[in-house]
Amino acid sequence: MALENIRIVLVNTSHSGNIGSAARAMKTMGFSNLYLVDPACEIDSHASALAAGATDVLGQAQVVDTLEQALEGCVLAIGTSARSRTLSWPMVDPRQCGEKLVKEGESSPVALVFGRENSGLTNEELQLCNFHVCIPANPDYSSLNLAMAVQTLCYETRMQFLDTQEQAVEQDDNEYPTNEQMQRFYEHLQSTFSNTGFIIKQHPGQVMTKLKRLFNRARPEQQELNILRGMLTSVDKQQNNQD
């Protein structure tokens with residue numbers, strides 16, 4: 001599961017309440033893998049209070065000394081950055097961030113890294129990340145607290161995860177007819193409505209071209225095509241009875 005492989009890494013957090021709020025933000029989006037790098041505070045009752053039911057996330061949080069330890073085993077790390085740096089680095093927006101985390105997280109651990117409340121991540125820490133992500137907030141007032149940033153990026157990642165799951169279900173459930181089956185359907189369609197007089201036998205091309213375009217655009221599934229063939233067969237039988 002992609003979400004289980006995604007680590008939310010908080011570096012040198014100074015207020016326990018922010019850790020609790022971040023844990024709450026994580027859990028609402030389905031994340032549980034919290035890493036704390038050299039926290040300047042303990043997970044105390046204030047953190048638990050602000051976690052508001054996400055104490056299980058706090059209870060299993062991994063506390064490490066360095067960012068390198070938090071990123072151990074990760075194939076992808078994306079660091080959050082709210083300001084431009086003298087050293088340019090590959091940038092992604094929140095949506096691209098979610099896409100990359102979900103795609104890489106399908107098979108290996110990945111990490112989303114958040115910095116200190118007052119100063120973010122250092123250049124050295126950011127250089128441990130493959131990409132940087134910046135939330136495009138209001139430039140006149142771009143003040144996001146730690147939990148807000150965690151919530152925003154976890155939301156974008158969850159939306160990508162849900163979209164991927166939906167696509168997988170659709171791919172598993174939908175069976176589409178072959179080209180040969182579609183051609184037999186078009187032959188059946190032309191034959192049936194030629195017999196009813198809807199299609200002029202001498203000049204079927206224009207109507208059939210438009211009908212083919214319609215059904216190609218609709219792309220009926222196998223079961224839907226079976227229904228259409230059944231409808232045509234019922235018209236054929238009615239036509240034969242009248243004859």
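Visitor: Where in this predicted model is L121 placed?

Guide: L121 lies in the loop that runs between β6 (110-114) and α6 (123-126).

Visitor: Why is L121 called buried?

Guide: The relative accessible area of L121 is 1%. Buried means under 20%, and L121 is therefore classed as buried.

Visitor: How far apart are L121 and L10 in sequence and in space?

Guide: L121 and L10 are separated by 111 residues in sequence, while their C-alpha atoms are 9.8 Å apart in space.

Visitor: Why is M159 called partly exposed?

Guide: M159, which belongs to helix α7, has a relative accessible area of 39%. Partly exposed covers values between the 20% limit for buried and the 50% limit for exposed, so M159 is given that class.

Visitor: What makes E166 partly exposed?

Guide: E166 is located in helix α7 (residues 146-173) and has a relative accessible area of 47%. Exposed requires over 50% and buried under 20%; E166 is therefore partly exposed.

Visitor: Why is the patch that contains E166 called negative?

Guide: The patch is formed by D93, E99, D163 and E166. Asp and Glu count as negative, and therefore the patch is called negative.

Visitor: Which domains are assigned to the chain, and how far apart are their C-alpha centres?

Guide: The domain assignment gives domain 1 (2-168) and domain 2 (179-241). The C-alpha centres of domain 1 and domain 2 are 55 Å apart.

Key
Residues are numbered from 1 along each chain as its sequence is written. This is a predicted model: local features need pLDDT of at least 70, side-chain atom pairs count only at pLDDT 80 or more; totals for chains, interfaces and linings use all residues. Side-chain values use heavy atoms; hydrogens and water are left out. Patches are made of residues with over 30% relative accessible area and no salt bridge: like charges are joined within 9 Å, nonpolar side chains (Val, Leu, Ile, Met, Phe, Trp, Tyr) within 5 Å. Accessible areas come from the Shrake-Rupley method with a 1.4 Å probe; for residues, only the protein chains shown count as cover. A salt bridge is a side-chain nitrogen of Lys or Arg within 4 Å of a carboxyl oxygen of Asp or Glu. The place of a charge is taken as NZ of Lys, CZ of Arg, CG of Asp or CD of Glu. Helices (H or I, at least four residues) and strands (E, at least two) are DSSP runs, numbered from the N terminus. Buried means under 20% relative accessible area, exposed over 50%, partly exposed in between (1.4 Å probe, protein chains only). Domain bounds come from an automatic or database domain assignment.
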